[in-house]
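Subject: Structure handover

Hi,

Here is the structure we discussed. Please look it over; my notes follow below.

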Amino acid sequence: MNTSPDEPGFPEAESYGLWRSEHPRVALTIAGLDPSGGAGLIADLATFDALGVYGMAVATTLTVQSSKGMSGRHDVSPGILGEQLGAVFSDRRPNALKMGALGNRDIIVELEHFLRKEEYPGPLVIDPVIASGGGEPLLDDAGIGALVDLLVPRATILTPNAEEVSHLCGFDVFEVKDLEAAALRLVSLGARAALVTGWKLVEGGREYAADVLCEANRIDVLKSPWIEGRQVHGTGCVLSAAIAAMLARGKDLKSAVAEARRVVLASMNAAVMPGQGASVANPFATIKLRAFGRTKGGKHEDRLHKRHSR
C-alpha cells in the first residue's frame with residue numbers, strides 16, 4: 001500500500017480549501033443533527049471540508065445531545081425531507097451522497113422514492129446508524145427492515161460496525177470470519193460493497209483494529225494499530241463521510257476506503273474534547289500530518305491481507 005504523503009488525493013496543507021474553486025466537487029450528507037458537532041451532519045461537513053469537497057446537508061432527525069450523551073430526538077417529517085432534497089437537487093446534483101442516521105421507516109421510504117424519481121446515478125455511501133454511542137436508539141426494527149429492502153440495493157458501499165451488522169444480517173459476530181460472512185451477506189442483498197468496521201484482532205502478539213471489505217466476492221481484511229482505552233465519538237461518521245468525499249473527487253472505491261481509513265486514524269490520534277464528555281474525532285488533523293502513515297523505518301502500520309471467498 002502506497003503511503004507517501006504525496007499520494008494523489010491525500011489531503012495536504014496546500015490542497016486544503018480546494019473546494020473554493022469556482023465549480024467545486026460536492027458531497028451531500030443526509031443524516032441527523034448532533035448539536036455538539038461530534039457526529040452526524042456537522043462531523044460529515046467538517047470531513048468534507050478537510051478533504052477538499054464542498055459539503056451540503058439535509059437533516060433527517062434532530063437529536064438532543066451534548067458531548068455527555070443523548071437524551072432525545074425529533075425526526076423530521078417525510079414531506080420536509082423531500083422539500084430539502086428537492087431544493088438541493090433542483091440546484092445541483094451532488095457528486096456523491098452519504099447517509100447516516102435516518103430516524104424511521106417513513107423517512108427511508110421517502111428517500112428511496114426520491115432517488116428513484118431522480119434516477120440519481122452517483123455513488124451512495126450508507127452508514128447504517130442504529131444507535132447513538134451511548135446506546136440510545138436511532139432506528140427501530142421497521143426502519144432496519146426498510147433500510148435493508150429499499151436502500152441497501154442502491155448502496156455503493158455500506159459501513160456498519162460489528163454491532164450494526166448483526167442487526168442488518170440477523171446473526172451475531174464473534175470473530176473475523178463472522179464479519180466476512182456478514183459483509184458477503186450485505187453484498188448479496190444488492191450493495192456493491194460492504195466495509196464492516198471496528199473489530200479488535202490479536203495477531204502475532206499485536207493488537208489491531210480490523211475492518212473487513214467485501215466487493216463482489218473478494219474479501220480484504222484491513223488492519224490498523226489498535227488504540228487502547230480511547231473512546232472517540234464520531235469515527236463512523238468521519239469514515240463514511242471521507243469515503244463519500246473521495247468518491248466525489250473521482251477516486252475508485254478501494255482507494256477511497258484506504259484513504260478514509262487513514263483519515264480516521266489521524267482524526268482519532270488528534271481527537272479533541274469540546275465539552276465535558278466524550279472526545280471527538282478531528283478530521284482536520286489530516287491537513288497537518290504531512291508525514292502521516294509512516295513509522296520510524298518508513299514503513300506503514302496498515303496491513304492488507306487478501307483472499308478470495310469460496
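A polar atom of the Asn 104 side chain lies 3.0 Å from the backbone nitrogen of Asp 106. I use polar contact for a pair of N or O atoms within 3.5 Å; within protein, one must be able to donate a hydrogen and the other to accept it, and residues adjacent in sequence count only if both atoms are side-chain atoms. Asn 104 sits in the loop between β4 (96-99) and α3 (105-118). Its relative accessibility is 19%, so Asn 104 counts as buried (under 20% relative accessible area; exposed is over 50%, partly exposed in between; 1.4 Å probe, protein chains only). Beyond its neighbours within four places in sequence, Asn 104 touches Asp 75, Leu 139 and Gly 143 (contact: heavy atoms within 4.5 Å).

Before you go further: this is a predicted model, where local features need pLDDT of at least 70 and side-chain atom pairs count only at pLDDT 80 or more, while totals for chains, interfaces and linings use all residues. Residues are numbered from 1 along each chain as its sequence is written, and side-chain values use heavy atoms, with hydrogens and water left out.

Gly 143 is also one of the buried residues of helix α4 (residues 141-151).

Overall, the protein has nine helices and 12 strands (DSSP runs numbered from the N terminus: H or I of at least four residues, E of at least two). Of its 310 residues, 53% are buried. Among contacts with a separation of 6 or more, 70% join residues 24 or more positions apart.

Now the helix pair. The axes of α7 (residues 235-248) and α8 (residues 253-269) come within 8 Å and cross at roughly 140 degrees (lines fitted to C-alpha atoms over the stretch in contact; angles run from 0 to 180 degrees between N-to-C directions). Residues of the contact include Val 238, Ala 242 and Met 246 of α7, and Ala 256, Ala 260 and Val 264 of α8. The contact residues divide into 13 nonpolar, two polar and two charged (nonpolar: Ala, Val, Leu, Ile, Met, Phe, Trp, Tyr, Cys and Pro; charged: Asp, Glu, Lys and Arg; polar: the others, Gly among them).

Last, Gly 275. This residue is in the loop between α8 and β11 (279-280). Gly 275 is partly exposed, at 34% relative accessible area.

Best wishes
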